[in-house]
Amino acid sequence: MEISDYIEQVDENRREAFRKLFETVQENLPPGFELVMQYTMPNFVVPKSIYPNGYHCSPEEPLPFIGVAAQKNHIALYHMGIYAKPDLLEWFVAEYPKHMTTKLNMGKSCIRFSNAKNIPYALIAELVSKMTVDEWIELYEKQLKRA
């Protein structure tokens, strides 16, 4: 499936919010990440040309970083770096209430937005800009060594 097809299949009540979130990520990521369909959603990855080892769970796959998905009841942003870097997570959790009046709905690396009209795009733009490809690779490899 092409990314444009994925976006067109998003429920029309959430499609514009999804598109804006997707574009916010795409426009604010540091250079070097590549956009692919991975795990049935648009994913920004470290291409194998930069990190040939790929993802340890599936070495033939590029190293995932950020995914954007339209789920049944929410729009999700999967940010692998926020899970791997406690300082980044702490920053995000502290900043969230400055941008939103709703409670943060978050799993380990998944930020869920159940109200498509209430997404903190400026905060997401800042979040995704905070980690370069090289920083993500370094952090990822440190996490692998600990495991």
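Visitor: Which residues of helix 6 are buried?
Guide: This is a predicted model. Helix 6 covers residues 133-146. Buried means under 20% relative accessible area. In helix 6 that holds for V133, W136, I137, L139 and Y140.

Visitor: What do the buried residues of helix 6 pack against?
Guide: Contact here means heavy atoms within 4.5 Å. The partners include helix 3, residues 80-84.

Visitor: How many residues of strand 2 are buried?
Guide: Strand 2 spans residues 41-46. The rest of the structure largely encloses strand 2, because its buried residues number six of the six.

Visitor: In which sense do strand 1 and strand 2 pair?
Guide: Strand 1 covers residues 34-38. The two strands form a hairpin with two residues between them. Y39 sits in that turn, with a positive phi of about 60°. E34 has V45 of strand 2 as its bridge partner. Over five bridges, the sense is antiparallel.

Visitor: Which residue in strand 3 is the bridge partner of N43?
Guide: Strand 3 spans residues 63-70. It runs antiparallel to strand 2, and four bridges join them. For N43, the partner in strand 3 is G67.

Visitor: What radius of gyration does the chain have?
Guide: The chain has six helices and five strands. Its C-alpha atoms fill a box of roughly 40 × 35 × 25 Å along the principal axes. A compact globule of 147 residues would come near 15 Å. The chain agrees, at 15 Å.

Note on methods: Residues are numbered from 1 along each chain as its sequence is written. This is a predicted model: local features need pLDDT of at least 70, side-chain atom pairs count only at pLDDT 80 or more; totals for chains, interfaces and linings use all residues. Side-chain values use heavy atoms; hydrogens and water are left out. Buried means under 20% relative accessible area, exposed over 50%, partly exposed in between (1.4 Å probe, protein chains only). Two strands pair if DSSP finds at least two bridges between them. The expected span of a helix is 1.5 Å times one less than its number of residues. The radius of gyration is taken over C-alpha atoms; the globule rule is 2.2 Å times the number of residues to the power 0.38.
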